[in-house]
Amino acid sequence: MAEPGGPPVLDDAASVAACRTVLSAAFAAEPATRWICGGSATTVRERWFATTLAAHATLPGGRRLSLAEDGEPVAAAVLTPPGGTPSGPARAAWAVRTALGCGPAALTRTLRYLDAVESAAPADAWTLEFLGVVPARRGRGAGSRLLARALAGLPAPGGVFLTTADPANEPLYRRFGFLTLRSIPVGPLTTTAMWRPAGQGDATVR
């Protein structure tokens, strides 16, 4: 754990709980999460991240990273390896928990979102599922530091894929070599699919 006032501490094996706490706060105003979870209901959003990250934790090779400042996690990233898909029982458990904890609409919208965007991923690409910074620590380089760490040395011959429904996120990803593949309409959202080809150099972290 970081000492107060000490340097940021990166964790390459972050806990589900740490990532859930950070991402629930970081995605409070993110368009896709608001649509899936029905506005800004904090409890629903927390439950959605809890069920989603628990399913992700069953994936062999899945990665969770966090960055802590002053002893508290302030940023988190979650990546899925190429071809990574939860087992049938894990998917069923996720669906039941999401429907019960977040409501049938949240389950339906999540499945609708995934169905729309997953086909855009290049073969053999890793997927950056989430990258988030708690609101109070934005604008200080935490997201750039964590993204640089997440991409460094990643065995990704097919590159790295992501989607974002927030245009404000795109400049950061472009700095790290992500290219826009296409726009994907999902319900009321316009989602941008982006891809970082293998062999890209890391951007300067600011």
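The model is predicted: local features need pLDDT of at least 70, side-chain atom pairs count only at pLDDT 80 or more, and totals for chains, interfaces and linings use all residues. Residues are numbered from 1 along each chain as its sequence is written, and side-chain values use heavy atoms, without hydrogens and water.

**Helix packing**

Helices are DSSP runs of H or I with at least four residues, numbered from the N terminus. Helix H1 (residues 16-26) packs against helix H3 (residues 42-56) at an angle of about 140°, and their axes are 9 Å apart. Axes are lines fitted to C-alpha atoms over the stretch in contact, and angles run from 0 to 180 degrees between N-to-C directions. H1 and H3 are therefore oblique to each other; angles under 35 degrees count as roughly parallel, over 145 as roughly antiparallel, 65 to 115 as roughly perpendicular and the rest as oblique.

The contact (heavy atoms within 4.5 Å) involves Val16, Cys19, Arg20, Leu23 and Ser24 of H1. From H3 come Arg45, Glu46, Phe49, Ala50, Leu53 and Ala54.

**Cysteines**

With a disulfide taken as a pair of cysteine sulfur atoms within 2.5 Å, the count is zero.

| Cysteine | Nearest cysteine sulfur | Relative accessible area |
|---|---|---|
| Cysteine 19 | cysteine 37, 17 Å | 0% |
| Cysteine 102 | cysteine 37, 5.9 Å | 13% |

Cysteine 19 is buried, and cysteine 102 is buried too, where buried means under 20% relative accessible area with a 1.4 Å probe and protein chains only.

Conventions. Helix = DSSP H or I, 4+ residues; strand = E, 2+ residues; numbered from the N terminus. Buried < 20%, exposed > 50% of the residue type's maximum accessible area, 1.4 Å probe, protein only.
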